[in-house]
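This note is intended for a colleague who is meeting the structure for the first time. Please read the numbered points alongside the sequence and the view shown here.

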Amino acid sequence: MIVYEDDASAVAPELLEGFFVGWPSPPSRERHLELLRGSAHVLLAREEDGRVVGFVTAISDGVLSAYIPLLEVLPEYQGRGIGTELMRRMLAKLRGLYMVDLSCDAALEPFYRRLGLQVWDRGMGLRNRDALR
């Protein structure tokens with residue numbers, strides 16, 4: 001049974017194995033834990049044994065805006081509605097804000113559209129792969 005929670009304080013790095021599939025330089029488990037704990041909002045999907053099988057994070061000013069940088073579900077748990085439930089819960093937490101933004105690959109747009117997000121004209125960014133270490 002999958003349990004959803006919004007506190008990463010009790011998560012140990014060894015419970016974060018298998019994420020960031022396909023990333024050219026995935027963050028270490030310790031770095032992953034830092035980003036979970038450093039987010040304004042975090043939601044975890046966990047097995048009863050404590051293993052994290054999915055997560056979503058948001059950074060926010062708490063007034064008008066939030067950005068959802070990461071939604072990840074372990075490959076063997078995909079297709080079970082876990083990502084949808086994580087996003088549904090995160091969007092509910094952020095409901096009163098003026099804007100909630102995220103970036104995704106074109107292949108993921110249908111998933112996010114089903115949750116009510118829209119495609120905008122432009123997005124820009126920088127990537128510092130050394131920061132993943």
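What percentage of the 133 residues in the chain do buried residues make up? Buried residues account for 33% of them, where buried means under 20% relative accessible area, exposed means over 50%, and partly exposed lies in between (1.4 Å probe, protein chains only).

1. Basis of the note. This is a predicted model, in which local features need pLDDT of at least 70, side-chain atom pairs count only at pLDDT 80 or more, and totals for chains, interfaces and linings use all residues. Residues are numbered from 1 along each chain as its sequence is written, and side-chain values use heavy atoms, with hydrogens and water left out.

2. Secondary structure. The chain contains three helices and five strands, arranged along the sequence as β-α-β-β-β-α-β-α. Helices (H or I, at least four residues) and strands (E, at least two) are DSSP runs, numbered from the N terminus.

3. Overall dimensions. The C-alpha trace spans about 40 × 35 × 30 Å along its principal axes.

4. Contacts across the sequence. Of the contacts between residues at least 6 apart in sequence, 57% join residues at least 24 apart. A contact means heavy atoms within 4.5 Å.

5. Strand β1. E5 lies in this strand and is partly exposed, with a relative accessible area of 27%. Leaving aside neighbours within four places in sequence, E5 is in contact with V42, L43, L44 and R46. E5 and L86 are 81 residues apart in sequence, yet their C-alpha atoms are 9.6 Å apart in space.

6. The loop between β1 and α1. F20 is placed in this loop, between β1 (3-5) and α1 (29-38). Its relative accessibility is 4%, so F20 counts as buried. The backbone at F20 deserves attention: phi is positive, about 65 degrees, although F20 is not a glycine. Most residues other than glycine have a negative phi.

7. Helix α1. L33 lies in this helix and is buried, with a relative accessible area of 8%. Beyond residues up to four places away in sequence, L33 touches A8, V11, A12, P13 and L16. L33 and L15, which are 18 residues apart in sequence, are separated by 9.5 Å, C-alpha to C-alpha.

8. Strand β3. T57 is found in this strand, residues 52-60, and counts as buried because its relative accessibility is 1%. Not counting residues up to four places away in sequence, T57 touches L35, L36, S39, H41, V42, Y67, I68, P69, L70 and M90.

9. Helix α2. This helix has 12 residues (82-93) and should span 16 Å at 1.5 Å a residue; its end C-alpha atoms are 17 Å apart, which agrees. The expected span is 1.5 Å times one less than the number of residues. The buried residues of α2 are I82, G83, E85, L86, M87 and M90. Their cover includes β1, β2 (41-46), β3, β4 (65-73), β5 (99-102) and α3 (109-114).
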